[in-house]
Amino acid sequence: MKKRTISSVVAFIFLIIMAAIWLVPLLYGVLTSFKSEMELMTAGFKILPIEWVLTNYTELLVNNTSTPLVKWFMNSMFISVSHTLLVLVVVSFSAFAYSRLQFRGKNVLFSFLLATMMFPSVVNLIPLYKIVDIFGWVNTPLAMIVPGAAGVFNIFLVKQFMDNIPKDFDEAAQIDGAGDLTIFMRIILPLIKPVLLVVALFSFTGSWNDFLWPSIVFNDIEKMPITSGLQLLQGMYQAQPTLLMAGALIAIIPTFLLYLFAQKYFLQSMSLSVGVKG
Amino acid sequence: MITSMEKTKTAKKSTTKEWSAWLFVAPHLIIFAIFFLIPVVFGIYISFTDWDLFNAPTFVGLDNYKELFFNVDSTFYTQLRTGLTNTFIFVLCAVPFCIIVPLLLAAALNTKPFLSKVFQSIFYMPSLFAISAIVIIWTLVFNVNYGPINSIFNTSTPWTGTQPYAWIALVVVTVWWTIGGNMIIYQAALNGIPKDYYEAADIDGATAVQKFFKITLPSIRGQILYTVVMTTIAQFNVYGQPLMLTGGGPNNSTRVLLMYIQQNAFGSGQSIAGIASAMAVILGVCIMIVSAIQFKFLRVKR
């Protein structure tokens, strides 16, 4: 018993130290965003601002045409929400067919899709740009909304979840003469809500945080999402860290809020996905 | 009679059913074909061509690969060497920490300490933030003159501008950003180990270290394999951290291959998409080989 308490004290101290390392950068970033440029440069190292100012935020958010942060934020919001909706529709329809319906070559096709997940995605980066360019999607939200829906992992996740739902329900409905679409909409869809929520959360955050791809398909400042915008901001305001902090914090607000409200699902889903894959 | 009638009925039903099943999978298959399958095939083909992204590609056989591997005077030869070396250095430095740190955190959280949920949330949170925002925050933390690290330790280490500090900074940011997922996976795995294993070991007088290597590690072997492979693949695709934190410097010492690929294909000036594609294929092959090796070594032993 004594040994146990010693080890849990050691564990607790370790966690405290690590938590400090995880929190200090964020907190220091928040506090710095309320300092004036002058103060940061001249006052020496202070944790709290001597004088709390909002100028960094107002400068970024109000009448800002060279680095339109509000616009970037809205662009990202539109892209991420649309992408999430598209993924939900595509994935749930597809997973339903692989889980419940019969068609020739189903298993071969599904195994093939799974095998493609191991393929390194870096190889298709350059041609993907060309295809998006042919469609006229460069500098439009579609460039970020549609291609990501090609992913296979979410289908796998949802199919696996559906496979665990007893077939009795759909068989009963079938006897009553219900078609595939009715069974899908009325019976399966309500039952797979938990896994769809997980897919939605990860699609949204994945899309919001995407960095390399938007930096390739957007060069129009007005059209880009916030991740590319921040890169531009960093280039323009290298000498104004307080302003950059404000921009960075605004960019992480949506995923932070999502995490606050849906923490349980984020944490559960990690074990869900590894259970499926491992 | 009845059976044959039923047979025709089911046969007819299954053909109509089949038709509707294809409608269900069609949206994904179309998107998959256009935005994954075609680009992959095209990407491999392009690596054997001379291409500027806009005009028709000209087939040049193995010329791009010859240039990259053997033409010592070529800038692309140097780029591939530098980029690939730096990518491997980064993977070798970052991956062990991305496995060990979350494993330690999970083990500590598994003692069910006070506030364990709060700790868990804190460590997981950064993985939901955009890399460009994270790098901006850490650029301030590492700042030579007014960054908190140098101020607290009263040093003037140019973290992002000199080696080996630039690598240390990149690994720190990467670990801070990415370990949340692995930690959750290990937590679930550790929770799944039956308590009587440890009780039996206690009776035999096993030490904590023995228990860790003889019970804990073998029990979570599957999850370790999974996380090692996935983390390695993710770190091979490193891009945002060196681009924005060190700018590939000092002296290109942190310029990773993906930065050269991006620069050659989409950078200012004429696009050299053929060479860039060949670089991408080389990077892809490296990723696949390393994953295969990891599978072989981590799986066989039981």
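Trainee: Leaving aside its neighbours within four places in sequence, with which residues is B:Val135 in contact?

Mentor: This is a predicted model, in which local features need pLDDT of at least 70 and side-chain atom pairs count only at pLDDT 80 or more, while totals for chains, interfaces and linings use all residues. Residues are numbered from 1 along each chain as its sequence is written, and chains are lettered from A and ligands numbered from 1 in the order in which they are written. B:Val135 lies in helix 5 (residues 131-141) of chain B; helices (H or I, at least four residues) are DSSP runs numbered from the N terminus. Two residues are in contact if their C-beta atoms, placed from the backbone, lie within 7 Å, and beyond those sequence neighbours the contacts of B:Val135 are B:Val173, B:Gly240, B:Gln241, B:Met244 and B:Leu245.

Trainee: Does B:Val135 count as buried or exposed?

Mentor: A residue is buried if 20 or more other C-beta atoms lie within 10 Å of its own, exposed if 12 or fewer, and partly exposed in between, with C-beta atoms placed from the backbone. Because B:Val135 has 26 C-beta neighbours inside 10 Å, the residue counts as buried.

Trainee: Which residues of helix 12 of chain B are buried?

Mentor: Helix 12 of chain B is mostly covered, with eight of its ten residues buried. These residues are B:Leu257, B:Leu258, B:Met259, B:Tyr260, B:Ile261, B:Gln262, B:Asn264 and B:Ala265.

Trainee: Around helix 4 of chain B, how many degrees of arc do the buried residues cover?

Mentor: In helix 4 (residues 116-124) of chain B, the buried residues are B:Phe119, B:Gln120, B:Phe123 and B:Tyr124. They lie on the same side of helix 4 of chain B because the arc they cover around the axis is only 125 degrees. The arc is taken from the directions from the helix axis to the C-beta atoms. The value is therefore 125 degrees.

Trainee: Which exposed residues does the opposite face of helix 4 of chain B carry?

Mentor: An α-helix has 3.6 residues a turn, so residues three or four places apart point the same way. On the face of helix 4 of chain B turned away from its buried side, the exposed residues are B:Lys117 and B:Val118.

Trainee: At what angle do helix 3 and helix 10 of chain B cross?

Mentor: Axes are lines fitted to C-alpha atoms, for helices over the stretch in contact, and angles run from 0 to 180 degrees between N-to-C directions. The axes of helix 3 of chain B and helix 10 (residues 221-236) of chain B come within 9 Å. Their crossing angle is roughly 140 degrees.

Trainee: Which residues of helix 10 of chain B make the contact with helix 3 of chain B?

Mentor: Helix 3 of chain B contributes B:Thr87, B:Phe90, B:Val91, B:Ala94, B:Val95, B:Cys98 and B:Ile99. By class, the contact has eight nonpolar, five polar and no charged residues, where Ala, Val, Leu, Ile, Met, Phe, Trp, Tyr, Cys and Pro count as nonpolar, Asp, Glu, Lys and Arg as charged, and the others, Gly among them, as polar. From helix 10 of chain B come B:Thr227, B:Val228, B:Thr231, B:Thr232, B:Gln235 and B:Phe236.

Trainee: Which helix of chain A supplies the largest share of the side that touches chain B?

Mentor: The contact takes 71 residues from chain A and 73 residues from chain B. By class, the side of chain A that touches chain B has 50 nonpolar, 17 polar and four charged residues. The largest share of that side, 16 residues, comes from helix 1 of chain A.

Trainee: What is omega of the cis peptide bond between B:Gly249 and B:Pro250?

Mentor: B:Pro250 lies in the loop between helix 11 (240-246) and helix 12 (257-266) of chain B. Another cis peptide bond joins B:Gln163 and B:Pro164, with omega about 0 degrees. For B:Gly249 and B:Pro250, omega is about -10 degrees.

Trainee: What is phi of B:Asn251?

Mentor: Most residues other than glycine have a negative phi. B:Asn251 is found in the loop between helix 11 and helix 12 of chain B and is exposed, with 10 other C-beta atoms within 10 Å. B:Asn251 is not a glycine, yet its phi is positive, at about 50 degrees.

Note on methods
Helix = DSSP H or I, 4+ residues; strand = E, 2+ residues; numbered from the N terminus.
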